Each structure stands twice: as C-alpha cells, then as structure tokens.
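Take a moment to look at the model before reading on. We will go through it step by step.

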Amino acid sequence: MAQIVPTITETTPAGYAETLAKLAFAPRIHVDIADGEFAPNLTVNLNQIYWGEQIIDLHLMLKKPIEWLNQMVALNPYLVVLHAESDEAATNLPRIFEHLKKFDIKCGVALLPDTQPEEVTEIIKESDYVLVFGGHLGYQGGTADLSQLVKTEKIRAINPDVEIAWDGGANAGNVAEIAKRGVDVINVGSAVAKTDDPEKSYNDLVKIVAAEK
C-alpha cells in the first residue's frame with residue numbers, strides 16, 4: 001500500500017516550526033528545501049531545520065547540492081533526494097550518494113517533467129528512491145500532472161527494488177489513481193498541512209489509499 005507522507009515547504013524558521021508541530025502525528029515527513037535558484041522560491045535552508053523522532057526525507061531543490069554535503073550528513077535524515085537536473089548531476093550525484101551511504105543515509109533522485117527515466121538510467125540504478133515530479137516546483141498546491149505517472153513502469157524496469165514516489169498536487173481526488181500506478185510514497189503538501197485539521201486530512205487520505213488495495 002502506498003504511504004501518505006505530509007510535506008513541509010516553508011520560507012521562514014517560524015513557519016517551519018509551526019508546520020512541524022502541526023504534523024507531529026505523521027510517522028514520516030517530506031521536507032522541501034529550495035535555494036531560490038534551481039527552484040524559483042527560497043525556503044528555509046539546511047542550517048535552519050530540525051526534527052524529532054520522525055522519519056525525514058529531505059527533498060533538496062538545489063542548483064549546487066554538493067556545496068551542502070556536510071549539512072546533509074550532520075542532519076542525518078532517513079533519505080536525501082537530489083535532482084537529476086542539478087549542476088553536473090552526472091558527476092556529482094554519484095559522489096554525493098557514495099558519501100551519504102557511508103553514514104547509512106538513503107539516496108534518491110527526483111525527475112522533473114521533461115526528464116525521462118531512460119536519460120538517467122545509471123543514477124536510477126544507484127538510487128534507493130525515485131521521485132516523479134508532477135507539480136509546481138518549490139510550491140505547494142496546484143494541479144497534479146498525472147501524465148507523469150507513465151514514468152513509473154520505466155523506473156521499475158530500470159531498478160525493480162527502488163521506492164517510487166510522487167510529488168505535486170496530490171489530494172483526495174487523485175491519490176487513489178496515483179497509488180494504482182505503482183507509486184510507493186505519495187508526498188502531500190497543502191491537502192494536509194494547510195487544512196484546518198491536518199491529522200484528519202492525513203487519515204482520510206490513508207483510508208482512500210487503503211481502499212485501493
């Protein structure tokens with residue numbers, strides 16, 4: 001069954017702290033970090049975040065992720081997700097992955113809509129997690145581009161054991177369809193974190209996905 005994972009996308013430390021507290025019920029959280037260069041907006045950075053006992057996935061929308069390698073290790077998240085479209089990705093991502101794995105940090109790659117799995121086969125083979133992006137980079141809300149789900153079969157053919165994730169516009173109206181298309185993790189932003197009752201919204205989404213088993 002696909003996991004529902006709430007997302008934090010915040011521009012200030014105060015906003016980050018508030019959203020983290022709202023999502024205290026969630027066993028796993030997806031934290032967006034954007035540098036204002038690779039992605040159009042600027043969020044909190046790796047020196048401004050923290051968490052408790054939850055499983056944390058860091059989605060780093062950074063033009064030069066290798067410059068933040070020490071902070072990635074110091075935070076010790078469960079998973080770090082880097083973009084196939086970042087600077088010198090073909091060279092830098094394997095180097096970053098190799099270093100993070102020395103510290104038992106899982107490594108993932110995110111694919112923007114124009115990036116096809118067959119273009120980054122070697123990176124996918126080395127990944128623990130592949131994120132299919134079908135939303136508005138660096139922002140929550142918006143419409144999910146479900147045509148991007150055609151990538152899931154291609155990814156699974158390249159790496160049968162990889163965890164496949166979705167990011168972008170997931171909500172009660174489409175999580176069932178996303179789950180049916182071979183996605184293991186559905187990252188959900190505003191449809192959980194920006195609602196009046198985030199825990200209820202989360203549980204409602206979990207029930208929808210469970211009904212599709």
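**Pairs of rings and the fold around them**

Tyr50 is partly exposed, with a relative accessible area of 42%. The scale behind that word is simple: buried means under 20% relative accessible area, exposed means over 50%, and partly exposed lies in between, with a 1.4 Å probe and protein chains only.

A word on the ground rules. This is a predicted model, where local features need pLDDT of at least 70, side-chain atom pairs count only at pLDDT 80 or more, and totals for chains, interfaces and linings use all residues. Residues are numbered from 1 along each chain as its sequence is written, and side-chain values use heavy atoms, with hydrogens and water left out.

How many aromatic pairs does a search of the whole structure find? The search finds two. Rings of Phe, Tyr and Trp (its six-membered ring) pair if their centres lie within 6.5 Å; planes under 30 degrees apart count as stacked, over 60 as edge-to-face and the rest as tilted.

Tyr50 belongs to one of these pairs, and its partner is Tyr16. The two rings are edge-to-face, 5.6 Å centre to centre, with 75° between the planes. Tyr16 sits in helix H1 (residues 13-22), while Tyr50 sits in the loop between strand E2 (28-34) and strand E3 (55-61), so the pair ties together parts that are 34 residues apart in sequence. Helices (H or I, at least four residues) and strands (E, at least two) are DSSP runs, numbered from the N terminus. Tyr16 is buried, at a relative accessible area of 1%.

Phe25 and Tyr202 form an aromatic pair too, and this one is tilted: 5.3 Å centre to centre, 55° between the planes. Phe25 lies in the loop between H1 and E2, and Tyr202 in helix H8 (residues 198-210), so this pair ties together parts that are 177 residues apart in sequence. Phe25 is partly exposed, with a relative accessible area of 22%. Tyr202 is buried, at 11%.

Stay in helix H8, where Ser201 is also found. Is Ser201 buried or exposed? Ser201 counts as buried, at 16% relative accessibility. Which residues does Ser201 touch, leaving aside its neighbours within four places in sequence? Ser201 is in contact (heavy atoms within 4.5 Å) with Ala191, Val192 and Thr195. Ala172 is 29 residues from Ser201 in sequence, and their C-alpha atoms are 8.7 Å apart in space.

Now turn to two loops. Asn76 has a positive phi of about 55°, although it is not a glycine. Asn76 is placed in the loop between helix H2 (69-75) and strand E4 (79-83). Asn76 is partly exposed, with a relative accessible area of 48%. Glu88 has a positive phi as well, about 50°, and is not a glycine. Its place is the loop between E4 and helix H3 (89-101). Glu88 is exposed, at 59%.

Finally, step back to the whole chain. The protein chain has eight helices and eight strands. Its C-alpha trace spans about 45 × 40 × 30 Å along the principal axes. Buried residues make up 53% of the 213 residues. Take the contacts between residues at least 6 apart in sequence: 64% of them join residues at least 24 apart.
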